[in-house]
Amino acid sequence: MTAPHPRHRRALAIPAGLAVAASLAFLPGTPATAAPAAEAAPAAATDGTPLSYVVNVAPGHRPSATVRRAIAKAGGTIVTSYDRIGVIVVHSANPDFAKTVRTTRGVQSAGATRTAPLPSAATTDTDAPKVLSGEDLAAAKAAGQSAEGKDPLEPLQWDLPAIKADKAHEKSLGSKKVTVAVIDTGVDDTHPDLAPNFDRDASVNCVAGKPDTTDGAWRPSAAESPHGTHVAGEIAAAKNGVGMTGVAPGVKVAGIKVSNPDGFFYTEAVVCGFVWAAEHGVDVTNNSYYTDPWYFNCKNDPNQKALVEAVSRASRYAEKKGAVNVAAAGNENYDLTSDEITDPSSPNDTTPGDRVVDPSECLDIPTQLPGVVTVAATGAKGLKSSFSNYGRGIVDIAAPGGDSTAYQTPDAPATSGLILGTLPGGEWGYMAGTSMASPHVAGVAALIKSTHPHASPALVKALLYAQADATACTDPYDIDGDGKVDAVCEGPKNRNGFYGWGMADALDAVRR
């Protein structure tokens, strides 16, 4: 993607002229030992850019008096503290805040979560969904009248039969006792396809880095991205005769809003989101984004190392409390196992510039964190989507994320190679990206949890991978047909860089 990098990184713009649509989409370091702070430290400067920070300490207890004094002396104000995972959110206008606090006994790492001031500089999203017009809706409903038992727009959803979700629904729609949290841009729970399945108790606004439980705070404003609402519909749009059908139309879906009005997913918000999910009975989280402002967070940078550590602790806590964390692989056609990648988009909240990174040391978070299910995208013909990142040992599983019809055309009556989803204001529309692939897997994981209600996250993931339909490498992979190889797949049929363990299988999820 070109700068400014769309925040919801996992949904994507298909090449210009080939299709309209897109979406958003957007990664554990060794604790640093530190000397105790000097007793007579000079007064901190407070005339710099006000930024947000995470300070990581030993988990399990409130910050020690030593740490709290050091934060204050360095010009910091504690916003909130996630004591169970040892992550403190701090605001400070001292440009040396993180450097100073790192020298404090008990501080394991600390870093700025952004390069733009509070609030961040406004940016413009260039991606937008292709909204179904009234004519499109009428045609789809007319075409679907003969499809007994299907929602009116389901004939347009080629992605459901691609993972056998249509067959799965004949056996089970999923359990109302299972909740999938969409950690994203917010969810419009008033949408007629989402309202029947919405879990208000598990929904929240985490944008400021601490929970805002005001009624409706989880919804996107009219000026904000529809990404989270689209994702929610893919997972759990109700089978209610109104519009489309989700992969798991009988489970609950919650909205955990973590992107600010400018579309940035900052570390403190993401940490809040995972902790909230952990403590509110969420069974699956969907993460179709990367944590701004760095596409890849390098562990040899003390600021970025702290961000990796904070999000890693939060995602591990969510899994420990029972949640399966699912994330999108990204949309740049990167080989995440290559020796180096040129990242032109970071930091995306101020002035990005080209930098060469080693993806084994510089991580996309939460996508590359241990324990997270990493999802690659496929198109209507079952091939890796032209944009999807890949990499053997990184990609765990594949699912429909859409692609241009110039590359992969669906069978009739579907007309778009993109993925249909719900949009705010009671509308429906198409998007594409690994942002759209991830919720398909989150939906299948929810069906597995419905079938095996006492299964641990480890067991749910084991079943997810074991039940996937093994898919051999596409070799050669020349998606645009120009005679040049566009990506190289490595590995056997049941564990390769394009498809991981294979294509997600919703039918096996409900019958095994």
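This is a short walk through some local features of the structure above. Keep in mind that the model is predicted.

Let us begin with the aromatic rings. A pair of aromatic rings is described by the distance of the centres and the angle of the planes. Searching the whole structure turns up 12 aromatic pairs. One of them joins tyrosine 295 and phenylalanine 296, whose rings are stacked, with 4.6 Å from centre to centre and 20 degrees between the planes. This pair counts as stacked because planes under 30 degrees apart are given that name. Both tyrosine 295 and phenylalanine 296 are buried.

Now look for tyrosine 465 and tryptophan 501. These two form a stacked aromatic pair as well, with centres 6.0 Å apart and 15 degrees between the planes. What does this pair tie together? Tyrosine 465 is part of helix α10 (residues 457–467), while tryptophan 501 is in the loop between α10 and α11 (506–511), so the pair links parts that are 36 residues apart in sequence. Tryptophan 501 has a relative accessibility of 30%, so it counts as partly exposed.

Rings can have charged neighbours too. The charged end of arginine 114 sits over the ring of tyrosine 266, at 3.9 Å from the ring centre. In another place, lysine 384 lies over the face of phenylalanine 498, and here the distance to the ring centre is 5.5 Å.

Next, turn to the backbone. Which residues does a cis peptide bond join, with omega at about 5 degrees? They are aspartate 292 and proline 293. You can find proline 293 in the loop between β9 (284–287) and β10 (297–298). Another cis peptide bond joins alanine 412 and proline 413, with omega at about 10 degrees. Proline 413 is also in a loop, the one between β16 (397–400) and β17 (419–423).

The backbone angle phi is worth a look as well. Lysine 164 is not a glycine, yet its phi is positive, at about 65 degrees. Its place is the loop between α4 (159–162) and α5 (165–168). With a relative accessible area of 29%, lysine 164 is partly exposed. Asparagine 333 is likewise not a glycine and has a positive phi, of about 55 degrees. To find asparagine 333, go to the loop between β11 (324–328) and β12 (341–343). Asparagine 333 is partly exposed, because its relative accessible area is 22%.

Our last stop is glycine 371. Where does glycine 371 lie? It is in the loop between β14 (362–363) and β15 (373–378). Its relative accessibility is 32%, so glycine 371 counts as partly exposed. Leaving aside residues up to four places away in sequence, glycine 371 touches Glu319, Asn325 and Lys461.

Key: Residues numbered from 1 in each chain as written. Predicted model: local features only at pLDDT ≥ 70, side-chain atom pairs only at ≥ 80, totals over all residues. Heavy atoms only, no water. Helix = DSSP H or I, 4+ residues; strand = E, 2+ residues; numbered from the N terminus. Buried < 20%, exposed > 50% of the residue type's maximum accessible area, 1.4 Å probe, protein only. Contact = heavy atoms within 4.5 Å. Phe/Tyr/Trp six-rings, centres within 6.5 Å; stacked < 30°, edge-to-face > 60°. Lys NZ or Arg CZ within 6 Å of the ring centre and 35° of its normal.
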